[in-house]
Amino acid sequence: MPSDKILIPEDIIREMIRHSREVYPEEACGILAGNADVVKGIYRMTNIEHSTVSYLMDSREQFRVMKDIREKGLEMIGIYHSHTFSEAYPSQKDINLAFYDVAYLIVSLATSEPVIKAYRILDQREVREMEILTARV
Amino acid sequence: MEFTEEQIQRYSRHIILSEVGGKGQKKLLSAKVFIVGAGGLGCPVGYYLTAAGVGTIGIIDNDTVELSNLQRQIAHSIHTLGIPKVESAKRTFEALNPDVRIVAIKDRITKENIIDLIKDYDIVVDGSDNFPTRYLVNDACVMLGKPLVSGAILRFEGQVTTILPGEGHCYRCLFEEPPPPGLVPSCQEAGVLGVLPGVVGALQATEVLKLILGKGEVLKNELLIYNALNTSFRKIKVKRNPHCPVCGDNPTIKELIDYSEGYCAIR
């Protein structure tokens, strides 16, 4: 059963926000690596569409990252992207193109304080919000 | 070993549990548990393990009791202000249950002494308040193959996990390196709700009892996160990392590391 929780260290949360702000108003995108429910690494990816309403990763860059993740004994457990003007909820396109059984994270910069939410998207149809835990105490 | 009449009375609520029974109680009485820290977590862990009749409890801490400890460190009192915490805890535990042998060690735990300190114990409980100690205890337990029940608290949030070297994850599989000094504040800097270590320490003590009794499920390959503000318990799945520097297939850490040197220099 896909997990309904994901643990993301605070520095990785901050990095997702920083990345999203840096490429604003374009959408940022990237990959989260980890094991089970725990995120351990973040990879910024290039949005080759350079769009304010969509993203597409560069496939060669993606292969390099996947190899690096495997070599570290980790797996891709999340994909993040930013929404420039809309809320932190998957668009219809996000849902239709959700091929992976990973957490889909959306950083919304539509409000003054950034909002991050995570979702499982089942069968490219059903959207279930996940709980994000940031703890490291 | 036969129970005395007094022991039968003292442990009667245990003995009637089918998962414990006389046999389990005898296991508890002959068990040896080592607790790192006699503070927020070490106090309730030691208190409950003493009450449960865990035969030998070693406890190490280098501090003395201060007034600011009494908001949460329940083994100490106004009568033990200024004396070593381990001595204060020993008095409290011995007053609760004279069956238990308390070995109080007033010292800092270091890479030089940790192996000798823990090697004769069955289970280690980490109730330390800093990352250098947490990683040192993890690495030493992995190297010796000792079960470790690790706990941590800050503000309103606590975490517990049980490390069974060779069977499941270790602390480095979860977080490979300690955070850089200053990134995660201490309780002294950020505060902690006084009752929080009571909850987390009681969870740690429960894990220890189950390990001794061989009953139930422990937090192997799991991290339990308790949030006192939301009253929520969340279990996170963790996996042993085959590339883990200490418990992986080709470990790169073969000697204990004292991270505290760097910590002190930067502060």
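**Entry 1: the sheet in chain B**

I began with one pair: B:Ile60 stands opposite B:Ile105 in S3(B). This is a predicted model, so I am reading computed geometry throughout. I then looked up the strands around that pair. Strand S2 (residues 56-61) of chain B and S3(B) run parallel, joined by six bridges.

Next I wanted the whole sheet. In what order do the eight strands of the open sheet in chain B come? I read it off as S3-S2-S1-S4-S5-S6-S7-S8, with mixed pairing. Strand S3 (101-106) and S8 of chain B are the edge strands, each pairing on one side only. From one strand to the next, I noted an average twist of 15°.

**Entry 2: a helix across the strands**

I looked for what lies over this sheet and picked helix H10 (residues 196-213) of chain B. H10(B) lies across strand S1 (32-36), strand S4 (123-126), S5, S6 and strand S7 (222-227) of chain B. Its direction is at about 170° to S5(B).

Just past the helix, B:Gly214 has a positive phi of about 70°.

**Entry 3: the core**

I turned to the nonpolar residues. The largest nonpolar core has 107 residues. Among those with the most contacts inside this core are A:Tyr104, B:Ile59 and B:Val208. H10(B) gives the largest share of the core, nine residues.

Leaving out residues up to four places away in sequence, B:Ile59 touches residues including B:Ile35, B:Gly42, B:Val86, B:Ala89 and B:Ile105.

Two of those, B:Val86 and B:Ala89, sent me to helix H5 (residues 85-96) of chain B, where both are buried. Other buried residues of H5(B) include B:Lys85, B:Ser88 and B:Phe93. The buried residues of H5(B) pack against helix H4 (42-52), S2 and S3 of chain B. I ran the length check here as well: the twelve residues of H5(B) should span 16 Å at 1.5 Å a residue, and the end C-alpha atoms are 17 Å apart, which agrees.

**Entry 4: over to chain A**

In chain A I looked at a hairpin. Strand S2 (residues 29-35) of chain A pairs with strand S3 (residues 38-45) of chain A in the antiparallel sense, over seven bridges. A:Gly30 stands opposite A:Arg44 in S3(A). Two residues lie between the strands, and A:Ala36 in the turn has a positive phi of about 50°.

I also looked up A:Val23, which sits in helix H1 (residues 10-23) of chain A.

**Entry 5: where the chains meet**

Last, the contact between the chains. I have 19 residues from chain B and 14 residues from chain A. On the side of chain B that touches chain A, strand S5 (148-154), strand S6 (157-163) and strand S8 (232-237) of chain B each give two or more residues. I sorted that side of chain B into eleven nonpolar, four polar and four charged residues.

Terms used. Residues numbered from 1 in each chain as written. Chains lettered and ligands numbered in written order. Predicted model: local features only at pLDDT ≥ 70, side-chain atom pairs only at ≥ 80, totals over all residues. Contact = placed C-beta atoms within 7 Å. Helix = DSSP H or I, 4+ residues; strand = E, 2+ residues; numbered from the N terminus. Nonpolar A, V, L, I, M, F, W, Y, C, P; charged D, E, K, R; others polar. Pairing = 2+ DSSP bridges. Axes fitted to C-alpha atoms, helices over the stretch in contact; angles between N-to-C directions. Core = buried A, V, L, I, M, F, W, Y, C linked by C-beta atoms within 7 Å. Buried ≥ 20, exposed ≤ 12 C-beta atoms within 10 Å, placed from the backbone. Expected span 1.5 Å × (residues − 1).
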